[in-house]
Amino acid sequence: MNISTYCRCLLVLMLLALGINVSAQQQTNDGQRILAYIQKVMNYNRTIPQEKVYMHFDNTGYFEGETMWFKAYVTKSPLTADASVKPTDMSRVLYVELLNPSGDVIKTQKYHIDEKGQAFGDMKLDTLYGSGFYEVRAYTRYMTNWGVDACFSRVFPVFQGADIANGDYSNMTIKRTLYRQRDPNNRGGDTDSLYAMAIENGVFTNNNFSRKINVHFYPEGGDLVEGLSSRVAIMAVDDTGRGFCGEGKVVNEKGETVAAVKTDSLGRGLFKIGNASMGMKLQMGNVKGKVQTFNLPNPKAEGCALNFDAVSDEMLVKLQATQGVSGSLIGYAVMNNGNITFCDTMVAVPLAEIELDRQSMKEGVNQFTVFDSNGQILAERLFFICPKANENEDIIITSKTNYLKPCGKIELDVKTQPNSTFSFSAIDLGTATGGKHGNMKTWMLLGSDVKGYIHNIDYYFEADDAEHRLQSDLLMLTQGWRRYNWEMMTGHKAFEKVQPIEDKFYIYGKLQEYRSHNKVGNVELETFLYNESGESLNGTTITDEEGNYAFEMPFVDGEWKMQIFTRVNDKRKTYCVGIDRQFSPTPRFVTPLEASISVHDNPNIFVKNIGDPEPEEEFIPITRKEHVLQNVTVKAKRRYFTNDDFRYKNESFGRQYATLFYNIDKELDAIRDLGEKDPTLIELLCKKNSMFNYSDFKDLPYPPCGEDSMWRGHLSYGHRPIKWIVDNGERQMKLNSSYDTAIQRILGRKPTYDNPMDSSYIYAAITSDGGATGDEFFPTWPDEVRTAYIVPSSSEEEEQCVRIYLYMRHRYTTESNKGLRKTFFQGFNKPSTFKMEDYSDIPPMPDFRRTIYWNPNVTTDAEGRAKIDFFNNSTCQDMFISAEGMTNDGQVIMNK
């Protein structure tokens, strides 16, 4: 807020006339409280600024086995309304995660955020379990205070079936088996998601589409108010989760029609009711034409109703108030990036009009809040201001190369802001696998402040006409998310748990009693870390009275083995050593529209126009030419395998059929981080995966063991029998007389601190179709053990079983002994270097790079110029380039 606006708020408070049915003294008191809340909001960004992260990727889709390259840009919200977004100077650790379609985090990497707020890296897609739509998300630990919606997220198609060695990408296939039917759906964090509601309300019934629709209502301002007129936005989805285009009507309690509504192709619609009342319903025909009925939200008895015209040039706000609110002093404010840009007060009346100046509004998502003297929200909504064209954000790229040639050199000249850094990608459009998903500008100004996926986000930046304003208004009404929560900014709401700013590496947590007589206060802790290079770190500390401890770490790279010793009076004592590092956000829902293949842009470089001269020579791919290669000597290290090595390498046998993968050692480590005691393997799998069901023996002792136990594999997966396969059936187990003992050793035994499990590292690969069958996996075991491990008793059951492969090998274990916890500490991942052949030194050869070139750090000189040189692959005739970056002062730059 600027000084003049601030003074205006004070002046309004001082010069308020007599209100309706209230005293001047009461208005003065209310005005002082309103001013206090405004000051709290104004100071919020100064004390608790937010961070945003955007990621620029090398490609729009991938094949199994390829490498994903990326560059991250992390910003900090402006401290005042007159300031601009800047590169962050707070967090120095960035987390990048890869999530499978079910929502499991299958990879987590850490990268160092430099003084420019930037980080770059890569992720190898070689350990996936099937094709599908995988989510990449990025965040700092500090960002998780605001939940999963504050994180960057993007979904990519990952295809199977490519013959990468021979450049055949024509077989782009994704398994279309619904993972929600086959694997657990862990994407349960978005309780407001229409897709989640569709599942809960039975749209998906018995694994068959019911052809029903589901509708959610979004009253403008937040609530319907009894007796007041209001606009209501709706979102309708069909049984595939996609937007439903249809027509309906709103009826009151008497069955009279009070409004008509029509939804667009995205399922969004808007209607107005003149007098909100109880018992209103929406009637809409579904896919089959059958009319479904949906109850509108019940209106509040007292409050304010908002009608915000965000489409016209004159932004007129109509505010209605009930009798209980009329006469009281209320405030209203406009916020952008958490800063108040305009505020005022007024005495509430049955109908008031407020004029806002569109030209003075900040670009991007703005928030309009009406509140009372207690700081409580009376009405609130978001609106979007389309940004104007800005030449300062352009990255102008011109080519010095006239035509593309197989393996030919490409030279580009760049002109943009001086002394800036940006990332650059060039891809072969002939093998592109996905469409555009916006850019840094669309994310920073819109995507990051809206809940969920925005279809065709570039559309909202194309023009600032009435049609685009209307569509952006529907977007704000149906997908609005409060990144800057008014209740939190005014102190009415607090974080559930405060996550710190990671400006360094820290190891901290809390001890829990392992035995009741072991007190957690004043315990001596010593930590020792070492890596494969022989480097080591150590430190000591003492817990406080509640068992809390902390260590400060220098920035390190790679994985380190970590041991934490606990002592009391120099004697080792056992504790549950919790480590505070389990803060990965809950996975969000991925809508079917997001998990679909979109059409890519046209080539944006080397575009041949009508009338252009023909190239000097015809483009003939290398695979259709003959070339003489230089003599090459290939050297390789000879590999030696022991039986254990061979068995471990053979994990790929189970992986090739798997749809799920659990690193049991890391799962146990995460449980110990929470200060909890170790579960059995079955308990862990049942907790991790809701599709495991052991209700058939819920009344028996657990874990199943002992003479009275008759557990013969009654555990099921998705109501299907299970076949357990240990080390591909090659591992000989030490058996006692009963099969229960054998099962307990693998599935039911707790790897406790005092009595660790014999096998310290276990992989569980779960497959529900395909897979190897037969007795070749099972050595000569007693019949009762074979029965326990091979549940199916008929060929029909054999076909329906789910196979779970368990792999065990001895290595550095995270299990703990007395007074010792063994675990790992993950330092920064080291970015790889993008590699390509230098065809100025060698003859052309078959080269099928889909990403032709990637450079995360192109830097311009003092005049804003740079040069980019790289070599084409052997087949690319159409190329698409992408360049995005940020200046040192936070200016977004990108190519058009």
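In the predicted model, residues 24 or more positions apart account for 72% of the contacts in the protein with a separation of 6 or more. The secondary structure consists of 14 helices and 46 strands. Of the 896 residues of the protein, 53% count as buried. The accessible surface comes to about 40,900 Å², and carbon and sulfur atoms contribute 47% of that area.

The largest nonpolar core contains 55 residues. Within this core, the members that touch the most others are Met55, Phe57, Leu94, Val96, Ile507, Tyr549 and Phe825. With residues up to four places away in sequence left out, Ile507 touches Leu529, Tyr549, Ala550, Phe551, Met553, Met562, Ile579 and Phe825. Two of these partners, Tyr549 and Phe825, are named with Ile507 among the core members that touch the most others.

Leu429 lies in a loop, between strand β28 (421-428) and helix α5 (440-445). The relative accessible area of Leu429 is 16%, which is under the 20% limit, and the residue is therefore classed as buried. Residues up to four places away in sequence again excluded, Leu429 touches His600, Asp601, Asn602 and Pro603, and also Asp878, Met879 and Phe880.

Two packed helices are described by the angle between their axes and the distance between the axes. For helix α10 (residues 664-673) and helix α11 (residues 681-688), the angle is about 80 degrees and the axes are 11 Å apart. Because this angle falls in the range from 65 to 115 degrees, α10 is roughly perpendicular to α11. On the α10 side, the contact is made by Ile664, Glu667, Leu668 and Ile671, and on the α11 side by Leu681, Leu684, Leu685 and Lys688. By residue class, the contact of α10 with α11 comprises 6 nonpolar and 2 charged residues, with no polar ones.

Helix α10 is largely enclosed by the rest of the structure, because 8 of its 10 residues are buried. The buried residues of α10 are Ile664, Asp665, Leu668, Asp669, Ala670, Ile671, Arg672 and Asp673. Of these, Ile664, Leu668 and Ile671 also take part in the contact with α11. Just after α10, Gly675 adopts a positive phi of about 80 degrees.

Definitions and conventions
Residues are numbered from 1 along each chain as its sequence is written. This is a predicted model: local features need pLDDT of at least 70, side-chain atom pairs count only at pLDDT 80 or more; totals for chains, interfaces and linings use all residues. Side-chain values use heavy atoms; hydrogens and water are left out. A nonpolar core is a set of buried Ala, Val, Leu, Ile, Met, Phe, Trp, Tyr and Cys residues joined through side-chain atoms within 4.5 Å. Buried means under 20% relative accessible area, exposed over 50%, partly exposed in between (1.4 Å probe, protein chains only). Contact means heavy atoms within 4.5 Å. Helices (H or I, at least four residues) and strands (E, at least two) are DSSP runs, numbered from the N terminus. Axes are lines fitted to C-alpha atoms, for helices over the stretch in contact, and angles run from 0 to 180 degrees between N-to-C directions. Angles under 35 degrees count as roughly parallel, over 145 as roughly antiparallel, 65 to 115 as roughly perpendicular and the rest as oblique. Ala, Val, Leu, Ile, Met, Phe, Trp, Tyr, Cys and Pro count as nonpolar, Asp, Glu, Lys and Arg as charged, and the others, Gly among them, as polar. Accessible areas come from the Shrake-Rupley method with a 1.4 Å probe; for residues, only the protein chains shown count as cover.
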